[in-house]
Amino acid sequence: MEQQNIAVGLDIGTTKIVAMIGRYNEYNKVEILGIGKSKSLGVHRGVVNNITQTIQSVQQAVQEAENVSGIKIKDVVVGIAGQHIRSLQHSDYITRANADEVIDEMDIDALCNQVHKLVMLPGEEIIHVLPQEYKVDGQSEIKEPVGMYGGRVEANFHVVVGQVASIRNIGRCVKSAGLSLDRITLEPLASADAVLSQEEKEAGVALIDIGGGTTDLAIFKDGIIRHTAVIPFGGNVITEDIKEGCSIIEKQAELLKMKFGSAWPGENKDNEIVSIPGLRGRDPKEITLKNLSKIIHARVVEIIEQVYLEIKNYGHEEQKKKLIAGIVLTGGGSQLKHLKQLVEYITGMDTRIGYPNEHLAGDSDSETTSPLFATAVGLVMNSLEQGLYNSNPEEIVEENNEEVSEEDMDIQASDTPVEKSPSHSMPKKSIFDRWAEKFKDFLDNAE
């Protein structure tokens, strides 16, 4: 049954690893069946730098999600971020042999595959090829060329590129944790699925996902992704600054930031003081909240200015490219007090905090709808939309957890109809599916 399809999102972040299991309920909303999280020990600024520790953290998160939901996890969709991610704009075209036949998905696939052959810098791999607008025989601003007549099909693409080694390391961690990697998705795209409405994407919006190690940016306009960037600063840098500035240990700095931190120094009076216990019998330290917020403010301003520079690079100041819906903040770092006001002050753009509750079932608990889990919710939604999970009861085993042999799996796989439901037969979907297959082959060959 379509409704029973289950998807698993795995968000490998710098501070935490989240495994989330979800499916569509009868109202076509995403119902979260289980969530597991663990402290991320082997990841720095979105890049795996300790395979063994990352595998353990992944296993811990997956185990917790399995225990909560009673479902055995096999296939996962993984989010990728990190400072090695970059994006570029590229135009390409194909000339069709027969202009009297209508353009079909095969033509669009051929055009996208051509972009995949782009020569990258050594050690780089294309992660996503996202068509923006098409041109058919010189007629521009076409969003969906399938079904039209034409001899020459052109398109502008947003191409997302990452380091092969970093991608392979993530694949290795997932495989070694006993899981099968179905696809890799850029984290800002997943977060955007979870917290943005279609109206915002049409009007023009910048999504800023402030994580522990990186701040991810995704810009949408006219319903199309226009710009992505990963800035290698996040909440951890603020914690580091507090640690250095107040001469305290990291654990205390993190607690201070979360409990008393504010991005707006004018908020605190000079006589507001917090006392921190000293180490091993030493005297407690007294820190004024004004000083604390000054330290936070300085670093947050730097992060916002970097993001704003990217928004300007996209061309926000041009009338045609104006982001009418402003900025949406999400991720764990967005929970910092008065951050929304500071972002509005620096950028002059309307800002709101993005909660991933718009697409979730109404009875979801408050933990799931926290900005902290925006990426994980987005990954689950992303894989449900792709319809990659034709999960037969044998494939993801509920409660009884009976294992199934590999031969049975092959038979089920061959019996599964390839035909997607009409609502999911968009050309982009089939491109993604093909790319996922290619990527799996690439990972298998890399072993």
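The legends below describe a series of views of one predicted protein model. Residues are numbered from 1 along each chain as its sequence is written, and side-chain values rest on heavy atoms, with hydrogens and water left out. Because the model is predicted, local features need a pLDDT of at least 70 and side-chain atom pairs count only at pLDDT 80 or more, whereas totals for chains, interfaces and linings use all residues.

**Figure 1. The protein chain and its secondary structure.** The chain holds 12 helices and 18 strands, where helices (H or I, at least four residues) and strands (E, at least two) are DSSP runs numbered from the N terminus. Of its 447 residues, 53% are buried, a term for under 20% relative accessible area, with exposed meaning over 50% and partly exposed lying in between (1.4 Å probe, protein chains only). Among contacts (heavy atoms within 4.5 Å) between residues at least 6 apart in sequence, 69% join residues at least 24 apart. The chain exposes about 20900 Å², of which carbon and sulfur atoms supply 49%; accessible areas come from the Shrake-Rupley method with a 1.4 Å probe, and for residues only the protein chains shown count as cover.

**Figure 2. Confidence along the model.** The mean pLDDT, the predictor's confidence in each residue from 0 to 100, is 84 for the protein chain, and 85% of the residues score at least 70.

Figure 3. Strands of a sheet pair through backbone hydrogen bonds, either parallel or antiparallel. In this view 5 strands form an open sheet in the order β3-β2-β1-β6-β11, with mixed pairing; two strands pair if DSSP finds at least two bridges between them. Strands β3 (30-39) and β11 (180-186) stand at the edges with a single partner strand each, so one side of each is left without a neighbour in the sheet. The twist from one strand to the next averages 25°. Strand β6 (residues 75-80) runs parallel to β11 and is joined to β11 by 6 bridges, and valine 77 stands opposite arginine 183 in β11. Helix α1 (residues 51-69) lies across β1 (6-12), β2 (16-24) and β3, running at about 145° to β3; axes are lines fitted to C-alpha atoms, for helices over the stretch in contact, and angles run from 0 to 180 degrees between N-to-C directions.

**Figure 4. Helix α8 and the glycine after it.** Helix α8 (residues 289-314) has 26 residues and reaches 37 Å from its first C-alpha to its last, close to the expected 38 Å, a span taken as 1.5 Å times one less than the number of residues. Just after α8, glycine 315 takes a positive phi of about 110°.

**Figure 5. Two loop residues with positive phi.** Asparagine 28, in the loop between β2 and β3, has a positive phi of about 65° although it is not a glycine, and at 52% relative accessibility asparagine 28 counts as exposed. Histidine 338, found in the loop between β17 and α9 (339-347), has a positive phi near 65° and is partly exposed, with a relative accessible area of 22%.

**Figure 6. Glutamate 105 and valine 146.** Glutamate 105 belongs to helix α2 (residues 105-116) and is partly exposed, with a relative accessible area of 30%. Although glutamate 105 and valine 146 are 41 residues apart in sequence, their C-alpha atoms are 6.5 Å apart in space.
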